[in-house]
Each structure stands twice: as structure tokens, then as C-alpha cells.
Amino acid sequence: MSDFKTMQAKDLQKASAQQRVVKVGVQIVTYLFLFTMALIVIFPFYWMIISSLKEMGEYRQSIPTLFPKVLDFANYAEVFTNEDLLLGQLFFNTLLVGVISTALSLVITVISAFAFARLEFKGKNALFAALLATMMIPGELFTITNYQTVSSFGWKETYTVLIVPFLVSVFYIYLLRQNFMQIPNELYLAAKVDGTSDIKYLWKVMIPLALPTIISITILKMMGSWNSYMWPRLVANDDAHRLITNGLRTAFTNAEGVTDIPVQMAAVAVVSFPLFLVFIFLRKYIMKGVSRSGIKG
Amino acid sequence: MVDSKHQWKAWLYLAPAIVLLLIFTVWPIFNTIRMSLLEGYTTMQDVAGVSFNFGIGNFKNVLEYHGFITCLKNTILLCVLTVPISTFLALLIAVALNSIKPLQRFLQTVFFMPYVTNSIAIGMVFAAMFNMIIGGGARPDSVGIVNNVLEAFGFEYINWMNAGSEYWANIVVMVVYIVWNALPFKILILLGGLQSVNKQYYEAARVDSTPRWRVFTKITIPLLSPMLAYVIITGFIGGFKEYSSIVGIFGEKMGPVGQQYSLDTMVGFIYRAIGNNEGRASAAALILFGIIFIVTMINLYVSKKKTHY
């Protein structure tokens with residue numbers, strides 16, 4: 001009897017030892033897979049920085065160096081002083097457009113979301129459904145007419161044209177309305193009884209409570225200005241109003257299509273740097289906003 | 001609650017949004033349909049007072065226009081290749097991330113990094129990685145880092161995107177870049193889904209000592225199916241609007257040197273018609289909308305049948 005028991009115990013031990021080996025094996029494979037993929041994901045960033053620090057001679061070597069022999073910051077100096085790129089102007093334009101459009105867009109989003117979440121009026125649900133339906137339509141369909149409209153307004157090659165057409169985002173209104181709806185209505189009614197004005201109530205209660213969503217919207221909107229390409233290219237492609245992505249794409253390639261890659265990579269690094277800071281410090285807000293949206297910045 | 005004071009206040013708050021939407025969203029919808037049905041419509045002629053025949057000529061014009069079939073083919077090909085590849089890879093990575101403890105947060109952060117980038121800028125980095133620098137000799141001065149890696153594994157270098165490169169090589173470059181770009185969003189959604197799955201199902205499977213593969217196909221996939229449906233649908237919608245990633249890599253000529261517009265897409269086709277032939281642009285935009293609409297409906301139909309909520 002006791003023999004049988006020990007045998008069983010041994011079998012069990014053996015089985016669990018085997019399981020443990022399999023488990024460790026699976027873990028090792030999992031980590032190997034994840035590290036390989038992570039390396040592939042990171043590599044372009046590494047290559048951008050490394051290439052931007054190489055002299056053209058070293059960059060052209062048939063066997064590339066994984067780390068520059070001579071750190072050459074001249075490429076960056078070239079980026080900041082290049083007279084075709086006008087980096088300062090590009091930064092200024094993009095920041096100006098980004099800040100103004102984000103601020104105005106936030107005001108419109110907040111008051112619209114408030115109306116949809118807290119006020120009662122005829123046709124509210126129908127209007128909200130109609131707004132959501134427009135989200136299905138690809139933006140290119142609007143662009144054709146908007147190009148005509150802004151041309152007839154005489155807005156081409158102004159800051160206005162980069163700001164006004166995109167001030168209303170149905171998606172942001174939707175996102176913030178959902179957030180506002182979670183705040184108990186009793187708070188609003190109590191405030192009404194106390195004679196608090198809507199604006200004061202919005203400012204003191206709703207905005208603080210919905211702050212994470214508002215921050216997400218702010219970041220996504222700013223990133224949108226930083227990354228927008230096609231609309232600015234169509235309507236404001238002059239030196240005074242050009243935005244950064246547009247300026248970047250055409251710079252450092254000569255008439256024959258030959259590119260000075262190290263300098264170009266330095267420019268790409270400079271343009272990517274603010275985004276990198278956003279990633280480091282504000283990642284969690286973006287991840288929150290994104291996981292509810294599916295819209296690229 | 002509904003009194004007249006509230007009514008006008010609500011409309012007052014909504015006024016800025018409604019006015020802007022009427023000008024920049026609602027009017028374009030009607031105007032695009034109008035322009036698409038006026039044969040040979042151009043803004044310039046319209047302003048000059050020319051009248052146009054009503055008909056479907058613009059749609060015919062689009063379908064017969066040289067380059068349209070190329071645009072359609074490129075768009076569909078990129079969609080059909082990148083959506084399954086990126087979804088599958090994202091699923092693998094999300095499941096792997098979900099099964100580890102140490103370094104999980106760190107790796108999750110790393111995988112999210114490509115999201116916060118400028119698709120034109122990083123496209124230029126990918127271009128630099130695939131690009132060859134032609135020198136005087138028979139062999140290029142530099143074959144690019146991707147080719148260096150290939151050669152290290154004993155393969156021959158490939159002309160990925162320089163002048164004279166082949167179509168399939170260009171497509172490979174685009175697929176690699178688009179998948180790289182699409183991964184973070186999909187991983188984020190799928191990992192979020194995995195983390196909200198009820199652990200009891202896995203406990204039950206463990207008690208029954210269900211094999212891993214069965215757990216994956218019978219528990220993980222069904223429970224994750226709403227998120228999978230979501231990333232596939234948004235992936236197709238984004239895929240049909242592919243444009244700036246190609247500009248990032250190949251530049252505004254949408255192709256290798258000497259093969260202009262060989263990689264042009266539907267959106268590229270629309271943009272090129274803006275400012276010279278709005279009738280054609282409108283018809284193409286409506287065709288694109290139709291395709292996206294049909295594909296989304298098919299996706300929703302399939303996912304309704306396969307999704308377990």
C-alpha cells in the first residue's frame with residue numbers, strides 16, 4: 001500500500017517537473033519572440049539617430065557602422081540653418097496653428113458636449129445620430145468641396161485656412177459627451193437650485209471631472225497639426241504658412257532626386273523630437289484616448 | 001425640463017459646431033454628389049458660367065481614366081496584405097505580452113512607440129533603410145541596411161526602391177512600413193481586450209488540463225472576437241485611405257524614380273484631380289466611399305456571425 005503511494009507521488013512529481021520544463025521553455029520562447037519584435041520596432045528610431053550623426057563618407061560605406069566613428073553634429077547645424085527648409089518658420093507656423101486650433105476646438109467641443117449631455121431640446125437624439133453618421137464618410141470626400149469653399153472665401157495661403165475647417169470634430173464631441181454623461185445629473189440640478197450659471201458649473205465641476213479626456217483630446221489635436229500633410233499641402237504651400245511635415249518631405253532632395261540622407265535624417269529627428277517628448281510624458285493619456293477611438297492623431 | 005429657455009440655450013451652445021459642420025461637412029456631402037453627376041465638371045468652368053450635362057459620365061471617366069486601375073489595384077493589394085499580417089502579428093504580440101510578468105510594462109511601452117510618430121517623417125527613415133546609394137562601380141556604394149542584413153544571412157541584395165526596382169519589391173517595402181505603423185494601435189486594443197477577459201475561463205481550462213493551442217482557439221480567440229472585429233474593420237477603413245505612408249517613402253511622385261505614380265492609391269487619385277477636374281475627383285471619392293461602405297458592411301456581417309459577446 002505504502003509502495004503504491006510513493007509510486008504515485010513520484011509519478012506526480014515527475015509530471016509536475018515535466019510541466020515546469022515545458023512552462024519555462026514556453027516562457028523563454030515568448031521572451032525571445034517579444035525581444036526580437038521589440039528590436040524590429042525600435043530599429044528605425046535607432047537608425048534615424050545614428051544616420052543623422054554620420055558624415056556622408058561614413059554613411060556611404062559598403063559595410064555600415066552600427067555606431068558612428070566620428071560623431072558629426074554638422075548635419076544638425078545644416079538643418080537649423082538651411083535656407084530652403086526655414087525650420088524656424090516651419091516650427092512657428094505649426095505651433096501657432098496647433099495651439100490656436102486646439103484651444104478653439106476645445107471650447108467648441110466642451111460646450112457642444114455639454115449641450116448634448118445635459119440640456120434637453122427637440123431633435124437632440126436625431127441631431128446627435130446625424131453627427132455620428134458623418135464619421136463614416138472618408139475625409140477626402142469633404143476635401144474637394146472644402147478646397148473650393150476656402151478658395152472662394154479667399155482664405156488660401158493664410159493661417160485661417162489651416163485652422164477653421166477642422167475646428168469641429170464629431171468624434172471629440174462624442175468622446176466628451178460620453179464622459180459628461182457619467183457625471184450624475186443631481187449635481188447639475190443642485191447647482192441650478194443654488195443659482196450657479198451653466199458656464200460656472202461647467203468650469204468648476206464638469207471640466208475638472210472630465211479632465212483626463214480633455215487632455216487626451218488636446219494631445220491628439222496637437223499631434224494632428226504636427227502630422228497633417230495633405231490639406232496644408234493643398235491650401236497653404238507658401239513659405240510664410242507651410243507646416244512642418246510638408247516642409248520636411250521636400251527638403252534636402254536635389255533636382256535629380258538625390259537625397260542627402262544624413263542631413264535628412266537629422267531633420268526627421270528634429271521633427272520627431274517633440275513627439276518623442278509627448279510619448280515619454282503623456283503616453284498614458286494618448287493610450288487612453290486611442291483605445292477608445294482608432295483615429296491616428 | 002423642456003422649456004423654451006433651455007431650448008434656445010442648447011442651440012446657442014451648439015451654434016458654432018453646427019455652423020462649421022454645415023459649411024465644411026454637410027455642404028460638401030451634397031456638393032460632392034452634385035459635382036459627380038455633372039459631366040465634365042470643373043470649378044473654373046462653373047465659376048465662368050458654363051453649364052454641364054447631368055449624367056454618370058464622371059463615373060465612366062474615372063473607370064476609364066489611365067492610372068485608375070493601378071490606383072485601385074495598389075489600394076486593394078496593400079489592404080489585403082497589410083490587414084491580415086498586422087492583425088496576426090499584433091495578436092501574437094498581445095497574447096505573448098499578456099502571458100509574461102517581468103518587463104510587461106516596459107515592452108508594452110516599446111510596442112506603442114511607433115504610434116506617436118509622424119508617418120511622413122518615419123517613412124523617410126524606412127526609405128533610408130531600403131535605399132541604395134549608387135556610386136561609380138558595378139555594385140552600389142551602399143546597399144542599405146536592410147540589404148546588409150540580407151547579405152549577412154547569405155542572400156543577395158535586392159533593389160527595393162531605387163530606379164528600375166520591381167513592383168513586388170516596392171510593395172514589400174510598403175507592406176513592411178504599413179504593418180510597422182499599424183501594430184501599436186492593434187496591440188493596444190487587443191491587449192486591453194485580453195486583460196479584461198474573465199480569468200475563470202482559464203482556471204477552468206487549467207483544471208481540465210486543456211492543451212495550450214485549444215485554450216487559444218477555443219477561449220482566447222472567441223472572447224477576443226469583438227476587439228479583433230474592431231481592429232480588422234478599422235484596419236480596412238484605414239487601408240483603403242492609404243496615402244501618406246507612400247508619400248513618406250516614395251515621395252510625392254508616388255513611385256521609384258522613373259516610374260511615377262506606379263504606387264498611387266485611390267486617395268492619391270482623388271487629390272490629383274482636385275483643382276483641375278472636380279467632377280472626376282467627386283466621382284472617385286464617392287466610389288471610394290462606396291467601397292469602404294460595402295467592405296465595412298461585409299465585415300460587420302461576418303463579425304456578427306463569428307463574434308461572441
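## Where the chains meet

In this predicted model, the contact draws on 66 residues from chain A and 74 residues from chain B. On the side of chain A that touches chain B, the elements giving two or more residues are α1 (2–52), α4 (87–118), α6, α11 (211–227), α12, α13 (244–250) and α14 (261–291) of chain A. Of these, α14(A) supplies the largest share, with 14 residues.

## The nonpolar core

The largest nonpolar core holds 145 residues. The residues with the most contacts inside this core are Phe114(A), Ala267(A) and Val268(A), along with Leu190(B), Ile270(B) and Ala284(B). Helix α8 (residues 167–195) of chain B makes the largest contribution to the core, at 14 residues. Domain 1 (2–74) and domain 2 (79–291) of chain A both give residues to this core, so the core lies between them.

## An enclosed helix in chain B

Now have a look at helix α12 (residues 266–273) of chain B. Seven of its eight residues are buried, so this helix is largely enclosed by the rest of the structure. The buried residues of α12(B) are Met266(B), Val267(B), Gly268(B), Phe269(B), Ile270(B), Tyr271(B) and Ala273(B). Ile270(B) is also one of the residues with the most contacts inside the largest nonpolar core.

Which elements do the buried residues of α12(B) pack against? From chain A there are α6 (139–152) and α12 (230–235), and from chain B there are α4 (68–99), α10 (212–240) and α13 (278–306). Just after α12(B), Gly275(B) takes a positive phi of about 90 degrees.

## Chain B as a whole

Chain B has 13 helices and zero strands. Its radius of gyration is 25 Å, whereas a compact globule of 309 residues would be near 19 Å. Along the principal axes, the C-alpha atoms of chain B fill a box of roughly 80 × 75 × 35 Å.

Of the 309 residues of chain B, 42% count as buried. Among contacts in chain B with a separation of 6 or more, 69% join residues 24 or more positions apart.

Definitions and conventions. Residues are numbered from 1 along each chain as its sequence is written. Chains are lettered from A and ligands numbered from 1 in the order in which they are written. This is a predicted model: local features need pLDDT of at least 70, side-chain atom pairs count only at pLDDT 80 or more; totals for chains, interfaces and linings use all residues. A residue is buried if 20 or more other C-beta atoms lie within 10 Å of its own, exposed if 12 or fewer, and partly exposed in between; C-beta atoms are placed from the backbone. Helices (H or I, at least four residues) and strands (E, at least two) are DSSP runs, numbered from the N terminus. Two residues are in contact if their C-beta atoms, placed from the backbone, lie within 7 Å. The radius of gyration is taken over C-alpha atoms; the globule rule is 2.2 Å times the number of residues to the power 0.38. A nonpolar core is a set of buried Ala, Val, Leu, Ile, Met, Phe, Trp, Tyr and Cys residues joined through C-beta atoms within 7 Å. Domain bounds come from an automatic or database domain assignment.
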